[in-house]
Amino acid sequence: MLILCRIRCPHFDHRIRRLNPCSSMASCSRKTSPIIHAFVIFLLVCSSSISPVYSSEPHNLHARNRTFRPDKELQKLKFIRQRLNKINKPAVKTIQSPDGDTIDCVLSHHQPAFDLPQLKGQRPLDPPEGPRVYERDGVMMTAEVEEEEEGEHVQLWRMSGETCPEGTIPIRRTTEQDLLRASSVRRFGRKPRRRVRRDSTSNGHEHAVGYVSGGEYYGAKGSINVWAPHVSNPYEFSLSQLWVISGSFAHDLNTIEAGWQVSPELYGDNYPRFFTYWTNDAYEATGCYNLMCSGFVQTNNRIAIGAAISPISSYHGGQFDITLLIWKDPKHGNWWLEFGSGILVGYWPSFLFTHLRDHATMVQFGGEIVNTRPGGSHTSTAMGSGHFAGEGFGKASYFRNLEVVDWDNNLIPLPNLRVLADHPNCYDIRGGVNGVWGHYFYYGGPGRSVRCP
């Protein structure tokens, strides 16, 4: 029932049977062929970022070079207000969060997704049957939906003890300041259009990921260690997430994504926040973060997408993680999102996608940052905990208990986990497997350093 878990290191917890993990973290990882390296690097270029990429020139330099034009500014403010009216729906109750967020309780059938013609006049679907999971004796069981216990807090806005009424969903209110921070008001909450190159990772996005490919995948699950990494300027971000991917890695790329992110540009602060994203055309014209456009249908009245997560992990201190599961309902074909132990957040309707109407062809887990190269040097924006994988538990960030969903709606261990860091001197990754954490990896790094100038 616990959504956000405090974790003890599986190698040293006296309450569990002592395990025999790999003696060398590096030896636990499978070697990756040059072809797969090239393929995944290309994928990371195509599917990586879910936030805008900015010029390495200082933002205020652009501002100084622009001529102030009152007519243009008035037009921009008018557009902002129109956009806010479209994003923010009428609330039946409002909750103030300690971090400054305003949470609106919106009738579930009035959320942005129901602006879509395909959903007009409908209401959210009932929860489907979850994937079956293996018990220790090998018997298959269905994961049941459990209610969150009162008093458990995984997001800051819940600390007041208030919740949204049944029949409503909590939506973080988008403000005028949120849009004014955006590099493009018209594409607020979306990745900007840009040509994807097969031969380059120079778009400023850097990654350390574990992945599986070459099969048919109907979902993915993993527990993600939560930190608040340093982000060096407002035009960069740091995130940790899972990706469910299909398509040709060109203009028809389909992705479903969920995890946590620190994004000052999007949220105006440095809190780690629960987020989602989707696209069906390689981020060109479709999809968005969270509920900033019509798409994802939320069904839960206790989890606010885009809200800050609490508590967070600390170096040499308490470790906390969130467990996320994305899977395809075999009956209706929609892709559902679960947060924690059986807490369903909602679903992406199958009609949003092309290739993902069938299945995914790749699943990825890991971290991503944006590097704007301030001053011509590598950014000091951190990934994960800001420490390299070799430091291990309590110091480096991790993903654990990584699984995929097969064609028969069964959660199974990853068949062949591979790991890849595209800038290993700045952010690295080391994988392994044991009897408690299953397939796992440590990942991250500090960014700019002696190793990463």
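**View 1. The disulfide between cysteine 288 and cysteine 293**. In this predicted model, cysteine 288 and cysteine 293 are joined through sulfur atoms 2.1 Å apart. The torsion about their S-S bond is about -85°, so this disulfide is left-handed. Cysteine 288 has a relative accessible area of 1% and is buried. Cysteine 293 has a relative accessibility of 13%; the cut-off for buried is under 20%, so cysteine 293 counts as buried. A search of the whole structure finds 3 disulfides; the remaining views show the other pairs.

**View 2. The disulfide between cysteine 105 and cysteine 164**. The two sulfur atoms lie 2.1 Å apart. The link is left-handed, with -75° about the S-S bond. Cysteine 105 and cysteine 164 are both buried.

**View 3. The disulfide between cysteine 426 and cysteine 452**. Here the sulfur atoms are 1.9 Å apart. The torsion about the S-S bond is about 85°, so the disulfide of cysteine 426 and cysteine 452 is right-handed. The pair links distant parts of the chain, 26 residues apart: cysteine 426 is in the loop between β19 (418-421) and β20 (428-434), and cysteine 452 is in the segment after β21 (438-444). Both cysteine 426 and cysteine 452 are buried.

Technical notes
Residues are numbered from 1 along each chain as its sequence is written. This is a predicted model: local features need pLDDT of at least 70, side-chain atom pairs count only at pLDDT 80 or more; totals for chains, interfaces and linings use all residues. Side-chain values use heavy atoms; hydrogens and water are left out. A disulfide is a pair of cysteine sulfur atoms within 2.5 Å. Buried means under 20% relative accessible area, exposed over 50%, partly exposed in between (1.4 Å probe, protein chains only). Helices (H or I, at least four residues) and strands (E, at least two) are DSSP runs, numbered from the N terminus.
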